[in-house]
Amino acid sequence: MTFLSALYTLIIAPLELLFEIIFTIANKIIGNEGISIIFLSLAVNFLVLPLYKRADELQAEERDIQARMASRIKHIKQTFKGDERFFMLQEYYRINHYKPIYALKSSVSLLLQVPFFIAAYNLLSGMQSLQGMSFGFITDLGKEDATFMIGSFPVNILPILMTLINVVSGIIYTKGHPVKEKVQVYGLAAVFLVLLYNSPSGLVFYWLLNNVFSLGKNIIGRLIKKPVDSIKPAPAK
């Protein structure tokens, strides 16, 4: 068994099965595929909320560490070159009990999205029950929305709207964060736009709802953080 197949068996396949169970139960109760997709998105997002909360904490810890070491690292890079710079940096990391691989913590929340995206893609992109089913302005959940055409080119509103929401959410989430994190967030938004532009509307609608949920989470997080940040300790007497 290869690493990728083991990864699929251990992580993706169980997630895909969970998604299918949630969608099937919701659809049997509600009897509407579009609303069932909404229910699936809400259920999955609430289930993974603790994971994203912990990921945000790890990223915050990494940002604090990077900010604390930034001036010294900059000084080392400006002062030394070649092997001397390398060994000086390694020694500085050792003194601070830090390893460069810890920088991956800043990408934890992005990495978390990958298995959930693959599971949703596998399930919703080929789901027969979505074929020919309409929901709101979406005429067929099993095909790209093709809201209107420019010549022979279909303009799909759902992936464009999904990307706009993703960008707004990223602006709120990365406010005050390093440029590297902003590039990751906006780059991922562009990747999802390319990957999902011609995908079935049901899949894009699901991911759009995830982005709406993320936007709401980021807004609430900012509103909670602002009052806390405004509390100043009383001056010592």
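## Close-ups of a predicted model

**View 1. Glu57, part in and part out.** With a relative accessibility of 31%, Glu57 counts as partly exposed. Keep in mind that this whole model is predicted. Which residue forms a salt bridge with Glu57, with the closest N and O atoms 2.9 Å apart? That's Lys53. Both of these residues sit in helix H2, four residues apart, or about one turn of the helix. Lys53 counts as exposed because its relative accessibility is 53%, and the cut-off for exposed is over 50%.

**View 2. Arg54 and its two partners.** Arg54 meets Glu57 in a salt bridge, at 3.1 Å from N to O. They're three residues apart in helix H2, so about one helical turn separates them.

**View 3. Two spots along helix H2.** At the start of H2, look for Asn32: one of its side-chain oxygens comes to within 3.0 Å of the backbone nitrogen of Gly34. Now follow the helix to Ala70, where H2 bends by about 50°.

**View 4. Inside the largest nonpolar core.** This core holds 36 residues, and Phe19, Val44, Leu196 and Tyr206 touch the most other members. Helices H1, H2, H4, H5, H6 and H7 each give two or more residues to it. Which helix gives the most? H7 does, with eight residues. Zoom in on Phe19: beyond its neighbours within four places in sequence, it's in contact with Leu40, Val44, Phe116, Ala119, Ala120, Leu123 and Tyr206. Apart from this core lies another one, of nine residues, including Ile76, Phe80, Tyr93 and Tyr98.

**View 5. Helix H4 from end to end.** H4 has 17 residues and spans 25 Å from its first C-alpha to its last, close to the expected 24 Å. Which of its residues are buried? They are Ser109, Leu110, Leu112, Gln113, Pro115, Phe116, Phe117, Ala119, Ala120, Leu123 and Leu124.

How values were computed
Residues numbered from 1 in each chain as written. Predicted model: local features only at pLDDT ≥ 70, side-chain atom pairs only at ≥ 80, totals over all residues. Heavy atoms only, no water. Core = buried A, V, L, I, M, F, W, Y, C linked by side-chain atoms within 4.5 Å. Buried < 20%, exposed > 50% of the residue type's maximum accessible area, 1.4 Å probe, protein only. Contact = heavy atoms within 4.5 Å. Expected span 1.5 Å × (residues − 1). Bend = angle between axes of the 7 residues up to and from the residue. Polar contact = N/O pair within 3.5 Å; in protein donor to acceptor, adjacent residues only side chain to side chain. Salt bridge = Lys/Arg side-chain N within 4 Å of Asp/Glu carboxyl O.
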